[in-house]
Amino acid sequence: MSGDVAGAAMGQQGAAEQSSGQQSSGQQSSGQQGTVEPAGGQEGAGPRPQGAAEQAAAGQQGAGPQGAGPQGPAEQGAMDSTIRQGIEELSRAGWQVPWPESPISGTGPQERAELEVAFATAMRRTGSLMQLMGQAAADRIGINSTDLNCLNILSFSGHMTAGELAKATGLTTASITGVIDRLEEAGFVRRERDPHDRRRVVVRLSLDKAVSDVASVFAPMLRDWREMATRYSDDELRLIVDFYGRVEQVFRKHLLRLRDE
């Protein structure tokens, strides 16, 4: 998902800051902020560390519009009300299933059948919202959604060859070359010769640019994810992480199926 580029970028920057000893305000960088971390067992440990992009976004958020200073309770309340109204309008905008869906298994009690339908519907809605979020983020950053997705995939390792990126995305060699050209021109990546094989060109993520232009866009959503994670126990979070791992495998399976057919 598109938000992962922010988590990966902030995680890589955290690792770099930790290795160089450049930690701000006495906070340690985790180096793994792109992953879900168990919230249980943290009681009494104090506030969780933030990555640079999260700190910057938090600072910008507290600064108010155009540097006008912190927002008062009334202004914050008005903003929260506007957000809630927008969420309600988006929820009503055609997200109801217009036909009865069949249960996944077709067996078992009525409650189980209804839960299976709710599960499948929730997965569909989440998938659609992820795509919409990716497009909205790409528009805000100033690149197209395909380029943002490639940047997201690149952010997990920090570097890939053009061939590896083409294989991961399913794009043709010509298309991936255009993507890399645009991302390099925008300053998000750079091409480097592999020091171990000079014939091999590696596309490397430009971390500073990714943090300033991409991670800052996703930082508010990452903060909401982390706040949401605090509501679950360690065991519940392990179950959620396992679930998303299984979802990922299902997506990979059917991605290959669609490409090969």
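The model is predicted. Its secondary structure amounts to 9 helices and 3 strands, and the elements follow the order α-α-α-α-α-β-α-α-β-β-α-α from the N terminus. The chain has 261 residues, of which 26% are buried. Among contacts with a separation of 6 or more, 59% join residues 24 or more positions apart.

**Nonpolar core**

- The largest nonpolar core holds 23 residues, and the members that touch the most others are L148, L151, I176, L183, F188, V189 and V214.
- At least two residues of this core come from each of α4, α5, α6, α7, β3 and α8 (207–229).
- F188, one of the core residues listed above, also takes part in a charge–ring arrangement: the charged end of K209 sits over the ring of F188, at 5.4 Å from the ring centre.

- Helix α6 spans residues 162–169, and its buried residues are L165, A166 and T169.
- These three residues lie on the same side of α6, because the arc they cover around the axis is only 100°.
- An α-helix has 3.6 residues a turn, so residues three or four places apart point the same way.
- The partners against which the buried residues of α6 pack are α5 (145–157), β1 (159–161), α7 (173–186) and α9.
- A162 also belongs to helix α6, but A162 is partly exposed because its relative accessible area is 29%, whereas buried means under 20%.
- Beyond its neighbours within four places in sequence, A162 is in contact with I176, I180, V201 and V203.

**R200 in strand β3**

- R200 is located in strand β3, which covers residues 197–205.
- With a relative accessibility of 31%, R200 is classed as partly exposed.
- Apart from neighbours within four places in sequence, the residues in contact with R200 are T161, E164, E192, R193 and D194.
- The contact with T161 brings together residues 39 residues apart along the chain; their C-alpha atoms are separated by 7.7 Å.
- The side chains of R200 and E164 make a polar contact at 3.5 Å.

**Aromatic pairs**

- A pair of aromatic rings is described by the distance of the centres and the angle of the planes.
- The count of aromatic pairs is 2.
- F119 and F243 form an edge-to-face pair, because their planes meet at 75°, over the 60 degrees required, with the ring centres 6.0 Å apart.
- This pair connects distant parts of the chain, with F119 in helix α4 (residues 110–141) and F243 in helix α9 (residues 234–260), 124 residues apart.
- F119 has a relative accessible area of 40% and is therefore partly exposed.
- F243 is likewise partly exposed, with a relative accessibility of 29%.
- F243 also pairs with Y244, again edge-to-face, with 5.3 Å between the centres and 75° between the planes.
- Y244 is exposed, because its relative accessible area of 53% is over 50%.
- Through these ring pairs, F119, F243 and Y244 are linked into a cluster.

**E248 in helix α9**

- E248 is another residue of helix α9.
- The relative accessible area of E248 is 38%, so E248 is partly exposed.
- The side chain of E248 makes a polar contact with the side chain of R252, at a distance of 2.9 Å.

Technical notes:
Residues are numbered from 1 along each chain as its sequence is written. This is a predicted model: local features need pLDDT of at least 70, side-chain atom pairs count only at pLDDT 80 or more; totals for chains, interfaces and linings use all residues. Side-chain values use heavy atoms; hydrogens and water are left out. Rings of Phe, Tyr and Trp (its six-membered ring) pair if their centres lie within 6.5 Å; planes under 30 degrees apart count as stacked, over 60 as edge-to-face and the rest as tilted. Helices (H or I, at least four residues) and strands (E, at least two) are DSSP runs, numbered from the N terminus. Buried means under 20% relative accessible area, exposed over 50%, partly exposed in between (1.4 Å probe, protein chains only). A charge sits over a ring if NZ of Lys or CZ of Arg is within 6 Å of the ring centre and within 35 degrees of the ring normal. The arc is that of the directions from the helix axis to the C-beta atoms. Contact means heavy atoms within 4.5 Å. A polar contact is a pair of N or O atoms within 3.5 Å; within protein, one must be able to donate a hydrogen and the other to accept it, and residues adjacent in sequence count only if both atoms are side-chain atoms. A nonpolar core is a set of buried Ala, Val, Leu, Ile, Met, Phe, Trp, Tyr and Cys residues joined through side-chain atoms within 4.5 Å.
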